[in-house]
Amino acid sequence: MRERQAVRHRRGAREFEAFVAGAAGRLLHAATLLTAEPADDNPRARRLLTAALSRTYADWQRLRGEDPYERTRQELTARFARTAWHHRRSRTGGGVLERLTPRERLVLVLRLYEGVAEEQAAAQIGLPPERVRAICTRAVAAMRSRPPAPAGPAPKAAAP
């Protein structure tokens, strides 16, 4: 009996490692967008993802047919939402979505980056679909209204 459990545990650990190898990059990018940190300096995003992956690993044997990516994304966004609502703007700055509120970032990442349906995003966040639609519209308008600051020196014009 113990031997079968050990084999099942090792197989589950290998499956989880394969899942992380395939999904961690996209999930880290989503977490980085949520925290509005620069891609090359994102400690909050990494902590957020580590906690979400830890929860997924703890539940791995009980997932039984559930999509582990979906489960991890839900955990990631739920953890972000629990802490982010207390802060109107990001503290770190430098990320592409830094000018948005945490709620706007969450809706934008779920709807546009992750492609989550409006109703599903609304249920996950705990808001009515109309509110999610309004937040997404406002966030997109805010992103379109001001161009991002240039990352480096402007390119030189070619001499005639």
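1. Phe16, Phe19, Tyr57 and Trp60 are linked into a cluster by ring pairs; rings of Phe, Tyr and Trp (its six-membered ring) pair if their centres lie within 6.5 Å, with planes under 30 degrees apart called stacked, over 60 edge-to-face and the rest tilted. The structure holds 4 aromatic pairs. This is a predicted model in which local features need pLDDT of at least 70 and side-chain atom pairs pLDDT 80 or more, while totals for chains, interfaces and linings use all residues. Residues are numbered from 1 along each chain as its sequence is written, and side-chain values use heavy atoms, leaving out hydrogens and water.

2. One of the aromatic pairs is Phe16 with Trp60, edge-to-face at 5.2 Å centre to centre and 80° between the planes. Phe16 lies in helix α1 (residues 2–35) and Trp60 in the loop between α2 (43–58) and α3 (68–84), so the pair ties together parts 44 residues apart in sequence. Helices here are DSSP runs (H or I, at least four residues), numbered from the N terminus.

3. Phe16 is buried at 12% relative accessibility, and Trp60 is buried at 12%; buried means under 20% relative accessible area (1.4 Å probe, protein chains only). The ring centres of Phe19 and Trp60 are 5.7 Å apart with planes at 35°, so this pair is tilted. Phe19 in helix α1 and Trp60 are 41 residues apart, and both are buried.

4. Glu118 lies in helix α5 (residues 118–125) and is buried, with a relative accessible area of 12%. Neighbours within four places in sequence aside, Glu118 is in contact (heavy atoms within 4.5 Å) with Arg111, Pro129, Val132 and Arg133.

Definitions and conventions: Helices (H or I, at least four residues) and strands (E, at least two) are DSSP runs, numbered from the N terminus. Buried means under 20% relative accessible area, exposed over 50%, partly exposed in between (1.4 Å probe, protein chains only).
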